[in-house]
Amino acid sequence: MPVPLVLAPMAGVTDLPFRLLARECGADLTITEFTSSAGLSRDQANSWMKLESDPRESPFIPQIFGGDKVEMVTSVEMLQERADIIDLNFGCPAPGITKNCAGAALMGEPDHLIEIVSACIEASSVPITAKLRMGTGYIENNIVKLAPQLEELGVMRLCVHGRTLKQRYTGEADWKTIADVVEAVEIPVIANGDIIDAAAAQACLDETGAAGLMIGRGAIGRPMIFNEIKSQLGWNTKEPPWGEEDDIFESRLWCWNRYVELSQETTGLQHKWLKRHALAFTKGLPGSKAARTEMARNNDAATMAEAIKNWLTQKL
Ligand SMILES: Cc1cc2nc3c(=O)[nH]c(=O)nc-3n(C[C@H](O)[C@H](O)[C@H](O)COP(=O)(O)O)c2cc1C
């Protein structure tokens, strides 16, 4: 049975043109990278810049984080006019975030987490979703206990990454616990962690019975993964936009050109983003060292976009 495929929120990766590209490659839902409620509630431009969207990104789901209830509620109130759904982050393991008891650290203070979610739901005119981990890894994992409480408060959907805060990105994602969460609630649960191809997607679905799958690292430089999963699992018969040929250069060239076009249409070409994606799009390809030389040589975004396009074209 087909389920929605979601591009995971990833700071420094899932900028607006990349999210639009992922949708064209078959992602059903996209979410912005996490954005500080401290910054949003103080109207800081760099925080608001992370929440740009486009009519083609519908529904628009901004993700916010923070350990201060008032800042979180203020951010929800400021966002709800533009957002279709607001996602709350309780999964980030970065020390810069967790030291302020935000992100995944809040799973170690479940009462505080519940208080924040409850206040956000009360303040919001749009549905609230939450993304969590198993727990902190320092105390007993509490996702299975927390999930029904969040459902009771009115959270519309949960996304669960099968790792603890302590694990960060090490070890294997624990899909068994995600299955327990699916059992414990009626609301949709999106499973996340280690879905890197169609076989993993099917295995995760079989084990968890989740209502959707979220893909993060597997989509970095490879947004075509959404289309691959759907066609390999027989979920769609649509020909991919880069053609039937199973050619890694052809699909990456199509994606690169589209990323550049979508950037031009929305945020403008951003050198930092282009460079990061160029690295990811060429990673692992034969001869990619030459592409990295092009990246280092070109300080201008438009020149670099063209150079990477030419490099991928020559390889066809
Ligand atoms: C570079 C990077 C940035 C991330 N940023 C965020 C973020 O902003 N918000 C969030 O909820 N999770 C973030 N995550 C976690 C992912 O959304 C996802 O939960 C995690 O990578 C596990 O999924 P995967 O195994 O498919 O990569 C990030 C992960 C990576 C690798």
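**Domains.** I looked up the domain assignment of this predicted model and noted domain 1 at 5–232 and domain 2 at 248–314. Taken over C-alpha atoms, the centres of domain 1 and domain 2 are separated by 28 Å. I then listed the contacts between them: 15 residues of domain 1 meet 14 residues of domain 2. On the side of domain 1 that touches domain 2, I counted nine nonpolar, two polar and four charged residues.

**Overall form.** I recorded 14 helices and nine strands for the protein. Its radius of gyration is 20 Å, close to the 20 Å that the globule rule gives for 316 residues, so I regard the protein as being as compact as a globular protein of that length. The C-alpha trace spans about 55 × 45 × 35 Å along the principal axes. Of the 316 residues, 47% are buried. Among contacts with a separation of 6 or more, I found that 67% join residues 24 or more positions apart.

**Strand β6.** I next examined residues 128–132, which form strand β6; five of the five are buried, so the strand is largely enclosed by the rest of the structure. I128, A130 and L132 point one way from β6, while T129 and K131 point the other way, and all are buried.

**Neighbours of β6.** I checked the pairing with strand β5 (residues 86–90) and found it parallel, over five bridges. Here I86 stands opposite I128 of β6. The pairing of β6 with strand β7 (residues 157–161) is also parallel, over four bridges, and I noted L158 in β7 as the bridge partner of A130. Finally, I traced β6, helix α7 (residues 143–153) and β7 as a right-handed β-α-β unit.

Note on methods:
Residues numbered from 1 in each chain as written. Predicted model: local features only at pLDDT ≥ 70, side-chain atom pairs only at ≥ 80, totals over all residues. Helix = DSSP H or I, 4+ residues; strand = E, 2+ residues; numbered from the N terminus. Rg over C-alpha atoms; globule rule 2.2 N^0.38 Å. Buried ≥ 20, exposed ≤ 12 C-beta atoms within 10 Å, placed from the backbone. Contact = placed C-beta atoms within 7 Å. Domains from an automatic or database assignment. Nonpolar A, V, L, I, M, F, W, Y, C, P; charged D, E, K, R; others polar. Pairing = 2+ DSSP bridges. Right-handed = clockwise from strand over helix to strand, strands pointing away.
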